Amino acid sequence: EHATSRMILDLVKWEREVLCLALEVAEPLVILDDALARRYAHALGIKRTGTLGVLVKGKTAGILPEIRLAVDRLAELGFRLAAETRRAVLKAADEEI
């Protein structure tokens, strides 16, 4: 517990708050994009997804007709997105690459 408490201090305040709140509910799901925050969530046993995962889920659930434009707009706004990740996300959403 001490190591986890020390490690979690590396996160920004809102990420720490998200993880702390998640520990207070049954079967939490958090949305985190930062790799370090996601690793801590995993270490704490918290189920997690990211922004891209939310978009894919919205597409597969029929809520979003397509996600390509949203993914591209995120990249334009500075969301770090490797080309391989972009391809994998669009493939998961059954959108042509």
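## Helix packing and selected residues in a predicted model

Glu-27 is found in the loop between α2 (13–22) and β1 (29–31). The model is a predicted one. Phi of Glu-27 is near 50 degrees, a positive value in a residue other than glycine. The relative accessibility of Glu-27 is 79%, so this residue counts as exposed. Most residues other than glycine have a negative phi.

A positive phi also occurs at Asp-94, with a value of about 55 degrees, although Asp-94 is not a glycine. Asp-94 lies in the segment after α6. With 70% relative accessibility, Asp-94 counts as exposed. Asp-94 is also among the residues that Lys-59 touches, and Lys-59 is taken up again below.

**Overall layout**

The protein has six helices and two strands. Their order along the sequence follows the pattern α-α-β-α-β-α-α-α. The C-alpha trace spans about 45 × 30 × 20 Å along its principal axes. Of the 97 residues in the protein, 26% are buried. Among contacts with a separation of 6 or more, 31% are between residues 24 or more positions apart.

| Helix pair | Angle between axes | Axis distance |
|---|---|---|
| α4 (residues 51–60) and α6 (residues 83–92) | about 25 degrees | 9 Å apart |
| α4 and α5 (residues 68–76) | roughly 165 degrees | within 10 Å |
| α5 and α6 | roughly 160 degrees | within 10 Å |

How do α5 and α6 run, roughly parallel or roughly antiparallel? The axes of α5 and α6 cross at roughly 160 degrees. An angle over 145 degrees counts as roughly antiparallel, and α5 is therefore roughly antiparallel to α6. The crossing of α5 and α6 is right-handed. Arg-68, Val-71 and Asp-72 of α5 make the contact with Arg-86, Val-89 and Leu-90 of α6. By class, this contact has three nonpolar, no polar and three charged residues.

For α4 and α5, the crossing angle of roughly 165 degrees is also over the cut-off of 145 degrees. The two helices are therefore roughly antiparallel to each other. Their crossing is right-handed. On the α4 side, Thr-51, Leu-52 and Leu-55 take part, and they meet Ala-70, Val-71 and Leu-74 in α5. The contact of α4 with α5 divides by class into five nonpolar residues, one polar residue and no charged residues.

The pair α4 and α6 packs at about 25 degrees. An angle under 35 degrees counts as roughly parallel, so α4 and α6 are roughly parallel to each other. α4 passes α6 in a right-handed crossing. In this contact, Leu-52, Val-56 and Thr-60 in α4 meet Thr-85, Val-89 and Ala-92 in α6. Four of the contact residues are nonpolar, two are polar and none is charged.

Lys-59 lies in helix α4. Is Lys-59 buried or exposed? Buried means under 20% relative accessible area, and Lys-59, at 17% relative accessibility, therefore counts as buried. The side chain of Lys-59 makes a polar contact with the side chain of Glu-95, at 3.2 Å. Leaving out residues up to four places away in sequence, Lys-59 touches Leu-64, Pro-65, Glu-66, Ile-67, Ala-93, Asp-94 and Glu-95.

Val-54 lies in helix α4 as well. Its relative accessibility is 38%, so Val-54 counts as partly exposed. Which residues does Val-54 touch, not counting residues up to four places away in sequence? They are Ile-31 and Thr-49. Val-54 and Ile-31 are 23 residues apart in sequence, and their C-alpha atoms are 8.1 Å apart in space.

Definitions and conventions
Residues are numbered from 1 along each chain as its sequence is written. This is a predicted model: local features need pLDDT of at least 70, side-chain atom pairs count only at pLDDT 80 or more; totals for chains, interfaces and linings use all residues. Side-chain values use heavy atoms; hydrogens and water are left out. Axes are lines fitted to C-alpha atoms, for helices over the stretch in contact, and angles run from 0 to 180 degrees between N-to-C directions. Helices (H or I, at least four residues) and strands (E, at least two) are DSSP runs, numbered from the N terminus. Angles under 35 degrees count as roughly parallel, over 145 as roughly antiparallel, 65 to 115 as roughly perpendicular and the rest as oblique. A crossing is left-handed if the near helix is turned anticlockwise from the far one by less than a right angle, and right-handed if clockwise. Contact means heavy atoms within 4.5 Å. Ala, Val, Leu, Ile, Met, Phe, Trp, Tyr, Cys and Pro count as nonpolar, Asp, Glu, Lys and Arg as charged, and the others, Gly among them, as polar. Buried means under 20% relative accessible area, exposed over 50%, partly exposed in between (1.4 Å probe, protein chains only). A polar contact is a pair of N or O atoms within 3.5 Å; within protein, one must be able to donate a hydrogen and the other to accept it, and residues adjacent in sequence count only if both atoms are side-chain atoms.
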